[in-house]
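Trainee: I would like to learn how to read a model of this kind. Please begin with the overall dimensions and then go on to the ligand.

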Amino acid sequence: MDLQAFLTALDELTKQASGDFAAAGDSEALEAARVQYLGARSGRLKDVQKQMGALPKEAKREGGMSFNACKTKVQAALEEATERLGSGGATVSDSAIDPTLPGTKLHIGRTHPITQTIEHLKDIMGRLGFSVVEGPEVEDTWHNFIALNIPEDHPARDPLDNFYLTVAGKAVVDASASEARLLRSQTSTVQIRVMENTPPPVRIISLGRVYRPDPPDATHFPMFHQMEGLWIDTSVNMAQLKSVLRLFATSYLGSDVSIRFRPSFFPFTEPSVEADFYWNGSWVEFGGAGMVDPNVLKAVGYDPEEVTGFAFGLGVERLCMGRHNVTDIRDLYRNDLRFLHQF
Ligand code: PHE
């Protein structure tokens with residue numbers, strides 16, 4: 001090949017490449033053109049470069065310089081085209097976004113308000129010396145009822161008020177049968193499990209889900225959370241129970257919150273109270289409590305002559321709603337991000 005033919009080929013290539021780059025309408029077309037001319041293996045520039053080897057010796061220098069000049073021009077044409085198409089590949093006027101607008105904040109996931117509440121409650125009770133224990137959500141009748149002094153004919157055991165499970169594929173028709181299993185209706189089950197396995201003194205809380213077949217409304221949901229508390233020692237009394245609940249409620253709801261105790265009844269405590277806090281112009285019950293009934297102490301093998309204790313069971317949702325001014329419990333379980341992002 002002679003020098004003249006080589007230089008002509010370079011000129012031709014420069015023109016064609018610049019024309020094709022300028023004509024590319026989008027980044028895909030431009031990329032195809034880039035590969036065609038500047039592709040590292042089989043680009044046309046590479047082909048011409050190989051022809052340089054066939055030039056006569058005295059023409060090599062000029063041929064090489066001309067080749068470099070051609071390559072620079074082709075690369076410049078490519079850069080110009082790239083700039084014209086914009087870095088995203090589309091021209092700014094084609095783009096669906098307005099790059100002059102300020103950015104939007106990235107939404108980062110966070111813990112659910114109930115989980116946040118549970119952590120907060122554990123923290124407060126931890127400072128009062130209560131340690132955290134867990135218990136199963138599927139329970140037997142011993143832990144959910146019998147050991148808690150709830151007799152067989154008690155309405156709390158009604159199959160219509162509990163989620164009894166099928167055992168080995170069979171629905172349990174006799175709710176008093178010892179093999180009956182149910183989703184626990186209260187966290188008081190954990191009191192029994194702890195006392196069965198630990199000698200006194202005991203000072204625990206247990207937080208978790210409980211289940212009752214209540215139709216959902218603003219204050220009821222078939223699954224909710226309770227915080228159970230239990231303090232057993234040689235001389236625990238009712239005054240301490242009231243102090244602990246009062247301290248707890250003011251720590252969580254604020255020192256200006258009003259609390260009252262009403263006499264009540266639970267099979268597993270005697271005497272029993274219900275605790276209310278004042279919220280939005282009315283009293284809201286946030287839990288039940290009382291001195292552990294001697295029958296319960298006996299059921300777990302404790303001696304009621306030796307130890308006494310108190311227990312309480314508080315509604316976690318009620319507390320969370322009071323603190324955050326949530327007026328419908330169902331909002332906590334709708335998974336509506338507009339709601340959840342506020343916590
Ligand atoms: N388990 C009772 C309930 O669910 C609450 C409670 C717990 C009452 C402990 C007294 C003592 O309503």
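Mentor: The radius of gyration is taken over C-alpha atoms, and the globule rule is 2.2 Å times the number of residues to the power 0.38. For a compact globule of 343 residues that radius would be near 20 Å, but this chain has 39 Å. The C-alpha trace spans about 115 × 50 × 35 Å along its principal axes.

Mentor: This is a predicted model, in which local features need pLDDT of at least 70 and side-chain atom pairs count only at pLDDT 80 or more, while totals for chains, interfaces and linings use all residues. Residues are numbered from 1 along each chain as its sequence is written, and side-chain values use heavy atoms, with hydrogens and water left out.

Trainee: How many helices and strands does the chain have?

Mentor: Helices (H or I, at least four residues) and strands (E, at least two) are DSSP runs, numbered from the N terminus. The chain has 11 helices and 12 strands.

Trainee: Which residues are closest to the ligand?

Mentor: A residue is near a molecule if one of its heavy atoms lies within 4 Å of it. Here 14 residues surround the ligand, and the closest are Gln186, Ser188, Arg212, Gln226 and Gly313. With Asp, Glu, Lys and Arg counted as charged, Ala, Val, Leu, Ile, Met, Phe, Trp, Tyr, Cys and Pro as nonpolar, and the others, Gly among them, as polar, the shell divides into five nonpolar, seven polar and two charged residues.

Trainee: Which elements supply at least two residues of that shell?

Mentor: They are helix H7 (188–197) and strands E8 (223–233), E11 (282–292) and E12 (308–315). E12 gives the largest share, three residues.

Trainee: What polar side-chain atoms lie by the nitrogen atoms of the ligand?

Mentor: A polar contact is a pair of N or O atoms within 3.5 Å. A polar side-chain atom of Gln186 is 2.8 Å from a ligand nitrogen, and one of Ser188 is 2.9 Å from a ligand nitrogen. For Arg212, a side-chain N or O atom lies 2.9 Å from a ligand oxygen. By the Shrake-Rupley method with a 1.4 Å probe, the ligand taken alone exposes 330 Å², of which the protein buries 91%.

Trainee: Where are cis peptide bonds found?

Mentor: Most peptide bonds are trans, and most residues other than glycine have a negative phi. Another joins Glu270 and Pro271, with omega about -5°, and Pro271 is in strand E10 (residues 269–279). Asn149 has a positive phi, near 65°.

How values were computed. Polar contact = N/O pair within 3.5 Å; in protein donor to acceptor, adjacent residues only side chain to side chain.
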